[in-house]
Amino acid sequence: MTEKTSAWYEFYRRMKNAWPWPGPPRLEMIDGMLNIDGLMHLALKHPGLGKLVGEPGDSQPYAECKCFPDGSNFILISGGLLDFVEAVIAVTVAGAKLQLTKGAVIDPINTPDEVDDVLLVLYTNWQNLKGNETRLVVTKPDWGETAQNHFDTLYLATRAFILLHEYGHAALHPTIQEKDRRPEHELEADAFALDTMLRFKRPGMNYLTLIAGSTLVPRIYKALEIMGHTFKKTHPPPQTRIAALFDRVRSVAATEFDYYGLTGQSRVIDLRLSAAERKFVGADNNSDRFSGEDIIFSVTSGAHSIAGEPPTNTFEGVREIVMSYLVASNVAARQDVAALWKRVKSSVYRKTEIDNLSLFEKCMDIAHQVIQSLPEDDRMLFGID
Ligand SMILES: [Zn+2]
């Protein structure tokens, strides 16, 4: 039985007045995310965490952690936020069928263009979901075991990040009221969530998916902002949060090359969301789609796809992708390429558990060859003449 703290009274008042969430619980997942050491660590180091976690059915997207002077706290994460997260992941993973309780059924899709179009429908309809009586229902297609597993893991990682971010506030800022939090507190809570997942991941959970699930959270806030949703002024811009998470991944990656590999899934998802957002705001500018890091990623992921057993792309195919990234980048992005590539080339291989030296060397070799094969102007962007 839970002790009747200040948090307890407020928590039950809030839950009683909230729109009920009709589905199965979606936040009881920490057990599936973290290994036993991780669960013990959290329980011992922060005994107050996670005692009161609620999922009100409100359609507005929000997540909050409220801390009280008696040391108690509660966490509320709205159904609207989880619905939106689920829809974005389902659409990007393979193209799920989306159904609005009052609205159109959108059939399964699979090509990137079709994914963008369904995301666009989601973005457009989201604005009509502001009343609690209309919910977003996501029906997954019969998409096979691989897609289902990928969906499950990514959705689990995203929910865990949302919850662990709020745990982070309770653990790190127990005496700071929500309204008094500053942008750096949000970045600290993000770091707490990512570090906890990477440090205590269960065997079999893929690092790329954990990182993608984490960065997807601020990325989804960015999407909601583009749709006109306003967030509290205490929060840093979503782009700042994404960049801080990427930096954190960079600091644990075995090499700069691995950093691009570890953030690959995040970048691929971002690509689809960005494409849908460009359509949503009516921007047809194709020339500043990719950052300097995205261009480097096209080379490193391309090299990896050639080096893989079995290879998933050809040398010519990769070369074309790299050139398409360069065409769709602006001057500033292209100016970053030389310094970023230099950083990849000169990064010292550090032995961590995320490693594979011979594959790394093979990939670096192929990446060099791809760059060497580019037209002279493009090659020079990488600082190679
Ligand atoms: Zn926060």
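1. The basis of the note is as follows. This is a predicted model, in which local features need pLDDT of at least 70, side-chain atom pairs count only at pLDDT 80 or more, and totals for chains, interfaces and linings use all residues. Residues are numbered from 1 along each chain as its sequence is written.

2. The protein contains 16 helices and six strands. Of its 385 residues, 38% are buried; a residue is buried if 20 or more other C-beta atoms, placed from the backbone, lie within 10 Å of its own, exposed if 12 or fewer do, and partly exposed in between. Among contacts with a separation of 6 or more, 74% involve residues 24 or more positions apart, a contact being a pair of C-beta atoms, placed from the backbone, that lie within 7 Å.

3. Helix α13 has buried residues at Val318, Val322, Tyr325 and Leu326. They cover an arc of only 100° around the axis, which puts them on the same side of α13; the arc is that of the directions from the helix axis to the C-beta atoms. An α-helix has 3.6 residues a turn, so residues three or four places apart point the same way. Glu316 and Val327, on the other side of α13, are exposed. The partners of the buried residues are α12 (292-307), α14 (331-346), α15 (357-372) and α16 (376-381).

4. The axes of α12 and α13 come within 9 Å and cross at roughly 170°. This makes α12 roughly antiparallel to α13, a term for angles over 145 degrees, whereas those under 35 count as roughly parallel, 65 to 115 as roughly perpendicular and the rest as oblique. On the α12 side the contact is made by Asp294, Ile295, Ser298, Val299, Gly302, Ser305 and Ile306, and on the α13 side by Phe315, Val318, Ile321, Val322, Tyr325 and Leu326. Axes are lines fitted to C-alpha atoms, for helices over the stretch in contact, with angles from 0 to 180 degrees between N-to-C directions.

5. Asp294 of that contact also has a distance to report from Val268: the two are 26 residues apart in sequence and 9.6 Å apart in space, C-alpha to C-alpha. Val268 belongs to helix α11 (residues 264-280) and is partly exposed, with 15 other C-beta atoms within 10 Å.

6. Three strands form an open sheet in the order β1-β3-β2, with mixed pairing. β1 (53-54) and β2 (63-67) stand at the edges with a single partner strand each, so one side of each lacks a neighbour in the sheet. Strands pair if DSSP finds at least two bridges between them. β1 and β3 run parallel and are joined by two bridges, with Gly54 opposite Leu76. β2 and β3 (residues 73-77) run antiparallel and are joined by five bridges, among them that of Cys65 with Ile75; Ala63 stands opposite Ile77. These two strands form a hairpin with five residues between them, and Gly71 in the turn has a positive phi of about 90°.

7. Is strand β3 largely enclosed or open? Five of its five residues are buried, so β3 is largely enclosed by the rest of the structure. Asn73, Ile75 and Ile77 lie on one side, and Phe74 and Leu76 on the other. Helix α6 (residues 144-172) lies across β1, β2 and β3, running at about 20° to β2.

8. Glu55 sits in the loop between β1 and β2. With 22 C-beta neighbours inside 10 Å, Glu55 counts as buried. Beyond its neighbours within four places in sequence, Glu55 is in contact with Trp21, Pro25, Arg26, Leu27, Ile77 and Gly79. Met15 is 40 residues from Glu55 in sequence and 8.1 Å away in space, C-alpha to C-alpha.

Methods. Helices (H or I, at least four residues) and strands (E, at least two) are DSSP runs, numbered from the N terminus.
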